[in-house]
Amino acid sequence: MRWRTSPPLELCSAGSEAAPRAPRTEMPQRCAGDKAAVSLPPLVFRSPPSAAVTDAPGRQASPGSALSPGAPGSAALSPLDPCSQPLCRPQAEKRARAAPDVHYVAAGPQGAACGWRAFAPGWLQAFNTPRGFLLFLCAAAFLQGMTVNGFINTVITSIERRYDLHSYQSGLIASSYDVAACLCLTFVSYFGGNGHKPRWLGWGVLVMGAGSLVFALPHFTAGAYDAQAADGVGTCGANRSVACGDGASGLSGYRLVFMLGQFLHGVGATPLYTLGVTYLDENVKSSYSPVYIATFYTAAILGPAAGYLIGGALLNVYTDVGSRTELTTESPLWVGAWWVGFLGAGAAAFLTAIPILGYPRQLPGSQRYVVMRVSETHQLKDSGPTAASNPDFGKTIRDLPLSIWLLLRNPTFILLCLAGATEATLIAGMSTFGPKFLEAQFSLSASEAATLFGYLVVPAGGGGTFLGGFFVNKFKLRGAGIIKLCLLCTLTSLLASFIFFIHCPNVPMAGVTASHSGSLLPDGHLDLTAPCNADCACRPEHYSPVCGSDGLTYYSPCHAGCPGAAVPSPSGQKVYRDCSCVPQNFSSGFGHATAGKCTSTCQRKPLLLVFIFVVIIFTFLSSIPALTATLRCVRDRQRSFALGIQWIVVRTLGGIPGPIAFGWVIDRACLLWQDQCGQQGSCFVYQNAAMSRYMLISGLAYKVLGFLFFAIACLLYKPPSESADGLGASLPSQSSASDNATDLPDAPSALQPHSDV
């Protein structure tokens, strides 16, 4: 007779046929905590045995191990074994062979204490829970997001100015992170998935902290920053000599140090989003897993917001802290204290890695989820190679080709990877150029645009990520239902993308979008020189926009015909007086100009912001469901490796080319390019209508592809059979399992079935 059960119940033989009868006491057929009744035959209590089971003469069987075929049926187990309690007696050998497809091994709480080697105090075990681990994992993800997606994007302009770097060189620095992640993902996800995941995670956080310290190293080795303010440069009549030439300083070589720091960031962060996710999924109930993962990803999204806020505040402090300078924060030569944030992030990473390294391979109480988690693995036409069912599969490099082949044969997994790549392209492109889009549409400064974009991304991205996991848990969605939720989110964000048909008109700029008299200029026709500023001999290298009292924006105070330096107004703004190109008014003769671009009066700003918020929240809303679907459509032993392969596809097809593609598209909408001694630099002014049109085309193209990938994945997904491996019908309800380790009996070991359920 074959029995079906799940941990932590112990499986023992019911007794030998030749054993004498003893009084019988029937066990209840329902275990405490199970909501679904499981039909079990009556268990028999017998008197405690007196002999020990031996595998061979003179050698006692190890506690918790399976009975050897030759063991006497009437012998007793070791006193340390849970089955030594008067619950049941061994069964005959012929009955023990009734279930050869289930392999039992010891999986008890030995080594499940939280600590570092012999140091595992009792008070520390209060953190040895899924929630405790989630706390430290969220701290690591927060630091990673704050450093890589916050500090780096904030200080990239400052390090370009400080170390004489070109834009393509700073682009190489930023891409070093993704390059490192792509190189390490296969190795980390394959071997780390079968290893001690908390140790891989802890060492990864340590490497990430070392990368932050390396990134800040050039500040301490390059010497003091020597820059002098040039008062009056850019006004009519000022000395406008510009030193042009090769003159490259040796500071540009520090780009290699920055690339090394970013490379270490990528190496250290690789285990977070592969091993960290699977470790959470393995140690909590299947219904709770999306909530835990959503909380983890929400922390990773809140990190960049903190990075922008802290990094922006630090840039208001001079780079050589304690030194006095005549430069102001508005000066184009100003360099802030970009390096302070990386020192703090490195120190915090070291402190976060210490508790993560102390966690065990499995959290207490997680043994039950190996069987209780109902498999939703996509069913292929055949069962696949029998080698994949071996408990030792995936632990050597020889199994790597077969592991990759099994994933490539899973159409649902491949389609989810491609859908994730399309979403990653949009996220990477919008996170890089979203502030620039707002800056151009609403005529904002760079800091104002970054702040406004942060106000959109933090609640929309963080809220959408958390709500995605919440909905999966709330509605108890399974494989096909999760993919349908992704399909609905993608369709909603696709429809909201049509808002890019609407745009704000350009603020009129003299000589670029309007003539100096205020009339519109045809696209592509630049005429910065006018009779009012012809005698000023203005140089195009000095771009410092000012807003005239006539409502026109001028290229610089010189192009506005302002003769003298600016004077501060009572409101704190710099005001240029007697500007010859600004029309006269009756009170003050020549008009005046204020430093900065003129503000936009676009009435469509609220509508644009609302629909951009909708696009962002529904894009992030599908992220956790898509990740959960990926975990549910692959084998248990391939989860970490599958996430690694998915991240490689997402980064290779989405994260790396996304900013490049969006940057190329946005550059096609440029009206006014920077002139660096005759060489084209960055774009100063964009045509808003063309930018919105190109953003619409790009967004719709990728959203339609993502919708198609999710739709095909939903059609091709095949739910598992109800009796997979003969265990599906006997599993109790998932909601019946407790998330608390104290629900387990205090037994030194438990028998854990190994199967691909």
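Here's a quick tour of a few spots in this structure. It's a predicted model, where local features need pLDDT of at least 70, side-chain atom pairs count only at pLDDT 80 or more, and totals for chains, interfaces and linings use all residues. Residues are numbered from 1 along each chain as its sequence is written, and side-chain values use heavy atoms, with hydrogens and water left out.

- Met 146 sits in helix 2 (residues 130–162); helices (H or I, at least four residues) and strands (E, at least two) are DSSP runs, numbered from the N terminus.
- Met 146 counts as buried because its relative accessible area is 8%; buried means under 20% relative accessible area, exposed over 50%, and partly exposed in between (1.4 Å probe, protein chains only).
- Ile 301 is 155 residues away from Met 146 along the chain, yet their C-alpha atoms are separated by 8.6 Å.
- Leaving aside neighbours within four places in sequence, Met 146 is in contact with residues including Gly 303, Pro 304 and Ala 345, where contact means heavy atoms within 4.5 Å.
- Asn 128 lies in the loop between strand 3 (103–106) and helix 2, and Asn 128 is buried too, at 5% relative accessibility.
- Once neighbours within four places in sequence are set aside, the contacts of Asn 128 include Cys 114, Tyr 359 and Leu 363.

**Nonpolar cores**

- A nonpolar core is a set of buried Ala, Val, Leu, Ile, Met, Phe, Trp, Tyr and Cys residues joined through side-chain atoms within 4.5 Å.
- The largest one has 71 residues, and Ile 159, Phe 296, Tyr 297 and Trp 338 touch the most other members.
- Helix 2 gives the most to this core, with 15 residues.
- A second, separate core has 35 residues, among them Cys 670 and Tyr 686.
- In soluble globular proteins, nonpolar side chains tend to be buried together.

- Phe 119 is in the loop between strand 3 and helix 2.
- Phe 119 counts as partly exposed because its relative accessibility is 48%.

**Paired strands**

- Strand 6 (residues 567–568) and strand 7 (residues 574–579) run antiparallel and are joined by two bridges; two strands pair if DSSP finds at least two bridges between them.
- Pro 568 has Lys 574 in strand 7 as its bridge partner.
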